[in-house]
Amino acid sequence: MAVNNMDWNDLRFFLSVARTHSLTKTASELNVSQSTVSRRIEAIEASLRTHLFVRHQTGYFLTDAGQDVVKYAEEVEEKVLLLESNISGSDLRPAGTVRLATPVTLASHLIIPALPRFYSRYPDITLQIITGVNTISISRHDADLALRLVRPKQHTLKIRKVGRMPSAVYGSKTYLRQHIAPETAPLAGRRFITWDSSYSHLPSSTWLNETYPNIPSALVTTSVVSQIAAVKANLGLAVLPCYIASQHPEMAEVIPTENVFAEDLWLVSHADMIASTRVRAVTDFLAEIITEARLA
């Protein structure tokens, strides 16, 4: 008897009638009309070209062929229920590894501090954070997700704008007291922590070079971490992301973000990863902490 192409929905109706011996009870159990049950049974019998039930005034009873189909249908039912159970468990408890590419500043100051909360929710997910984003390609599946400040150009990727990262000019409160300047000229008598020329393409370096090309430099660095340390050491001013500066109460804003710049935040993933529960868990969490940091 050929049953390889049988639809599981047809088998569900068949098994229910085989167990209840009644179209009415099956209709109630599966929340359909009695005529629907009847059509399903007729369809499966037509498909198999054999009668599976003997219709009697007291109910529906299996023929010998029907008894054979019951064994097959119960095997299918067991496998489907096992599959549904496993998939449902995965949805409730996302598991596996997710590779996230992101700039080191976002990793260190936004994502990693929030990971204890993430792992309390998703203990079965292992997050791999890759900060060398210049060599990471989502298209080549080097990472599952990327949180970037530059919008990728590939059209095959799933790209979503998730926020905007403002920057402003900051200095330590101690430095500002030591180098008092009038409100109309907030940089007078003050120096900057600047970027090495090899980093002149960065927005903060570009903004500073274009807006204040002759500002004296107190220290030249190659990282945001160094600039933060220099500001906290009372060496001068720096252009810093506002969400980072807000984590340091000893820093004060000198030039507000509306007079500086802001960068868009882009969440990037490969199209075939959209349905992954573990990737979706990371995506939702990133959106949550971006909102909390007032970047959304």
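H1 and H2 are oblique to each other, because angles under 35 degrees count as roughly parallel, over 145 as roughly antiparallel, 65 to 115 as roughly perpendicular and the rest as oblique. Helix H1 covers residues 8–20 and helix H2 residues 23–30; they pack at an angle of about 130°, with axes 8 Å apart. Helices (H or I, at least four residues) and strands (E, at least two) are DSSP runs, numbered from the N terminus. Axes are lines fitted to C-alpha atoms, for helices over the stretch in contact, and angles run from 0 to 180 degrees between N-to-C directions. Among the residues that meet are Phe-13 and Val-17 in H1 and Leu-23 and Leu-30 in H2.

The model is predicted: local features need pLDDT of at least 70, side-chain atom pairs count only at pLDDT 80 or more, and totals for chains, interfaces and linings use all residues. Residues are numbered from 1 along each chain as its sequence is written, and side-chain values use heavy atoms, with hydrogens and water left out.

Ser-204 lies in helix H8, residues 203–211. Ser-204 counts as buried because its relative accessibility is 12%, and buried means under 20% relative accessible area, exposed over 50%, partly exposed in between (1.4 Å probe, protein chains only). Leaving out residues up to four places away in sequence, Ser-204 touches Trp-195, Val-239 and Phe-261, where contact means heavy atoms within 4.5 Å.

Val-239 belongs to strand S9 (residues 238–241), where Val-239 and Pro-241 point one way, Ala-238 and Leu-240 the other, and all are buried. Opposite Val-239 stands Val-169.

Methods. Pairing = 2+ DSSP bridges.
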